[in-house]
Amino acid sequence: LYVDGVAMRRVDGTWIDGPGIGRVWSERQNVDFFRRIWFPLANALITAFGVVFVYRIVGRLGYVSGITLVISLIYALATMAWPYATFDFAEPLVATLVVLAVWLILLYDQTRLRRYLLLAGVVMLAAAATKYVTVIVFPLLVLAIILNHKAGQSWADAKRQSVMPVFTFAAPAIALVPAALVVAAFVFDIQLLYVSQLFEGIGRGWLGLPIDLGFHGLITSWGKGVLWYNPVLLLAIPAIPWFVRSHGWRSFIFVAIPIAYVLLYSKKEVWYGGNGWGPRYLVPILPFLVIMSVPVVVWLARQGRRLRWRAAFGVVLLASFLVQVMGVS
């Protein structure tokens, strides 16, 4: 809000006028404002779909509906996903698209229908078009497809059986990316596009920061540490070994995506993501960390009358919820 003018009354009853400077937007600013004003609504719906996909993934992992509902609500209301559903950043869409791709790969793993892999490839292409950094997830999903064939087989058999599934997943990128690069080279200045903007830009923005500085900033710094903006992760992270023991090779993608994002953005000079709520760039890893907390929720559900552990979990959950309330209030 901008003050256009103000009048102040003295104790003796006289008035002082204080004219403001007003606020006149340029035509470009007006266009940009009204073009972007719908994004918070879109991100709210996009995040809601992400919550649904988290629910579906936990169900596919073999847990009952009560557990899946708890996990999906924790993601919805006790992580940064909620505040970012009200902003116009790209991270909510990236998070939902990556979660959708993982769900489709789980569907393939259980049905062996390759159409799910083709859809996952299209979804990941959309995620990379939304934010180019998402390309780091592509090789991880390829490895996940191969590892999902490993159960009970030799590595040679797993690699042989996964050739066509991997090709099916990569087919959308193979078909569209080269054509898009050629078109961009003709439409734009190829020197500017691929040298100045791409290669030199990567060198300027990603390679100059000591990794320990960015890592500390992303995880535990008081201003942007992901643990303080998502206290529920204090329970989720210790549950990771438990989750890995329960799900074997299937757990690879849930562990690999958070690790890849944290290591990558630990090298980015603007690791903190600007004036957002917490470490903005780590929003896409939150659903996977929350999903890996499911063994803790199952264990608590089996505790019966032992209320102290449930009470401790409730305190952490309430703290995480209140942090998000501050972010949206």
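The exercises below cover aromatic rings, pockets and a cavity.

This is a predicted model, in which local features need pLDDT of at least 70 and side-chain atom pairs count only at pLDDT 80 or more, while totals for chains, interfaces and linings use all residues. Residues are numbered from 1 along each chain as its sequence is written, and side-chain values use heavy atoms, with hydrogens and water left out.

**Exercise 1.** Work out how the rings of Tyr84 and Phe87 are arranged.

Step 1. Rings of Phe, Tyr and Trp (its six-membered ring) pair if their centres lie within 6.5 Å; planes under 30 degrees apart are stacked, over 60 edge-to-face, and the rest tilted. The structure has 14 aromatic pairs.

Step 2. The ring centres of Tyr84 and Phe87 are 5.3 Å apart and the planes stand at 85 degrees, so this pair is edge-to-face.

Step 3. Together with Phe89, Tyr84 and Phe87 make up one aromatic cluster.

**Exercise 2.** Decide whether Tyr84 is buried or exposed, and do likewise for Phe87.

Step 1. Buried means under 20% relative accessible area, exposed over 50%, and partly exposed in between (1.4 Å probe, protein chains only).

Step 2. Tyr84 has a relative accessible area of 0%, so Tyr84 is buried. Phe87, at 23%, is partly exposed.

**Exercise 3.** Describe the largest pocket and its lining.

Step 1. On a 1 Å grid over the protein atoms alone, a pocket is an open set of points with protein on both sides within 12 Å along at least five of seven lines, a cavity is a set where a 1.4 Å probe fits but cannot get out, and lining residues have an atom within 4 Å of a point.

Step 2. The largest pocket holds about 290 Å³ of space, where a volume is the space filled by probe spheres set on grid points joined across faces, edges and corners.

Step 3. Its lining residues include Leu125, Tyr132, Phe138 and Leu181. Helix H6 (115-130) and helix H9 (163-187) are the elements giving two or more residues to this lining; helices are DSSP runs (H or I, at least four residues), numbered from the N terminus.

**Exercise 4.** Find the volume of the largest cavity and some residues around it.

Step 1. There are three cavities of 30 Å³ or more, and the largest cavity has a volume of about 70 Å³.

Step 2. Among the residues lining the largest cavity are Val102, Asn148, Trp249 and Arg250.
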